[in-house]
Amino acid sequence: MAEFLSPQIPELLAPAGNFEKLIAAVHYGADAVYLGGQKYSLRARAANFDAEEMRRAVDFAHARGVKVYVTVNVFAHNRDFHDLEAYLRLLQEIDVDGCIVSDPGILIVAQQVVPDLPLHLSTQANVTNQASARFWAQHGITRLNLARELGLEEIRAIRTATDAELEVFVHGALCISYSGRCMLSTYLTGRNANQGDCAHPCRYSYALVEAKRPGEYFPVEEDNRGTYIFNSRDLCLLRQLPALVNAGVNAIKIEGRMKSIGYVGAVVRVYRQALDWLRQQIVSGRPLDSLVFPEVFDSELAKIGTRGQTENFFHAPPSSDDMLYDTMRCDQRYVPVGIVRATSPLLVEARHVLALGDPIECLHRTTVEPITVTVIKLQLEDGTVVDRVNPITRVVIQTDPPLLDLEPYTLLRKCITSA
Ligand code: SF4
């Protein structure tokens with residue numbers, strides 16, 4: 001079985017909900033991206049890629065040394081198999097680097113139709129033990145995305161049980177159920193999470209109704225905003241990267257094909273910088289178990305706020321502290337305010353209101369510390385000078401000090417509330 005000899009920096013695997021997000025993930029240093037086609041993918045409401053877009057995406061990524069994995073991870077019904085063989089052949093012809101599957105039926109068909117295409121197991125298959133890991137590896141899976149409900153010791157034990165690559169989710173939204181074993185959305189909205197169409201009712205606010213008094217809703221309140229009894233905080237294992245490297249994990253995965261380009265780029269950027277920092281420490285001979293990330297890594301992730309953070313099962317089963325009972329989302333102090341479209345002159349597409357005098361943070365791809373500058377001129381593409389612009393407007397900006405060495409797809413951010 002696997003014997004882990006020297007620490008390897010894991011592959012950084014990022015979500016690509018559409019072509020723009022793929023470019024942002026690659027720009028900020030992803031080693032690989034995962035995306036869905038128009039079928040068989042558990043994100044029915046992401047834009048997803050048609051065949052031609054997928055071909056362009058693979059060409060774009062491969063030209064930059066980045067791998068592309070395609071999700072084929074629905075729980076398939078008989079009707080889903082009609083076009084499956086043709087779809088799998090298309091993926092092989094496009095030259096994708098692997099398929100992410102969860103259904104044993106799809107696995108068997110893929111092995112018959114595209115035997116050379118690497119097959120990764122989706123987290124939907126819920127690998128939670130050594131025997132399960134061995135089972136899937138014996139059935140041709142080359143990479144196992146482990147269940148999110150595992151602790152470090154269980155991951156280490158599975159490492160000793162199989163030579164298959166191990167992949168671990170490190171950042172993003174969590175289900176209150178085991179991934180893929182949730183019918184809440186189907187029952188409440190008719191939208192099936194297991195076909196990629198979850199309406200996220202675990203984020204709704206709930207009230208209590210007594211069976212003999214229909215229509216009388218008794219509030220269940222943590223505070224006056226209500227109670228979100230199923231609402232988990234988001235996963236963040238940044239501080240556990242040394243332990244994951246030590247455990248021999250081959251890939252770390254960021255959740256979020258439905259998230260914005262600002263979210264994807266900013267999160268990938270922090271994890272890229274974190275892995276590069278870890279590599280430097282290893283090369284310098286520092287023991288992994290003594291490493292503590294500089295505080296800036298935490299503070300940067302905290303600015304990409306969603307529902308707070310939890311390490312989930314990593315050291316102990318989650319408790320009420322890992323839930324967000326009194327609100328659907330945390331208030332966000334920082335928002336993405338723009339994305340660089342061209343650099344000479346500096347053309348920005350606004351993603352939030354952008355005004356003269358705004359202090360904005362520029363997220364370079366090679367440093368974790370943002371650079372803060374002030375907006376001193378805003379000029380529309382027709383030459384009109386303005387005081388402020390609304391989202392989606394493209395505007396040429398000048399800053400003090402000037403922003404240098406920018407590239408298209410660099411993200412800009414601003415603070416919208418005081419501390
Ligand atoms: S309702 Fe919530 S727990 Fe259930 S599948 Fe959707 S996101 Fe996951």
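A crossing of two helices is called right-handed if the near helix is turned clockwise from the far one by less than a right angle, and left-handed if it is turned anticlockwise. The views below show a predicted model, in which local features need pLDDT of at least 70 and side-chain atom pairs count only at pLDDT 80 or more, while totals for chains, interfaces and linings use all residues. Residues are numbered from 1 along each chain as its sequence is written, and side-chain values use heavy atoms, with hydrogens and water left out.

**View 1. Helices α2 and α3.** Helix α2 (residues 51-63) and helix α3 (residues 84-94) cross at roughly 30 degrees, and their axes come within 10 Å; helices (H or I, at least four residues) and strands (E, at least two) are DSSP runs numbered from the N terminus. Axes are lines fitted to C-alpha atoms, for helices over the stretch in contact, and angles run from 0 to 180 degrees between N-to-C directions. The angle makes α2 roughly parallel to α3, given that angles under 35 degrees count as roughly parallel, over 145 as roughly antiparallel, 65 to 115 as roughly perpendicular and the rest as oblique. The crossing of α2 past α3 is right-handed. Ala51, Met54, Arg55 and Val58 of α2 meet Tyr87, Leu90, Leu91, Glu93 and Ile94 of α3, where contact means heavy atoms within 4.5 Å.

**View 2. Helices α5 and α6.** Helix α5 (residues 130-138) packs against helix α6 (residues 152-161) at an angle of about 40 degrees, with the axes 9 Å apart, which makes α5 oblique to α6. This crossing, too, is right-handed. Gln130, Ala133 and Arg134 of α5 make the contact with Ala157, Ile158, Thr160 and Ala161 of α6.

**View 3. Helices α9 and α10.** An angle of about 165 degrees is found where helix α9 (residues 261-283) packs with helix α10 (residues 295-302), their axes being 10 Å apart, and this makes α9 roughly antiparallel to α10. The crossing of α9 and α10 is left-handed. On the α9 side, the residues in contact include Tyr271 and Trp277, and α10 contributes Phe297, Glu300 and Leu301.

View 4. Arg143 forms a salt bridge with Glu165, their closest N and O atoms being 2.9 Å apart; the term requires a side-chain nitrogen of Lys or Arg within 4 Å of a carboxyl oxygen of Asp or Glu. Because Arg143 lies in strand β6 (residues 143-145) and Glu165 in strand β7 (residues 165-172), the pair ties together parts that are 22 residues apart in sequence. The whole structure has 29 salt bridges.
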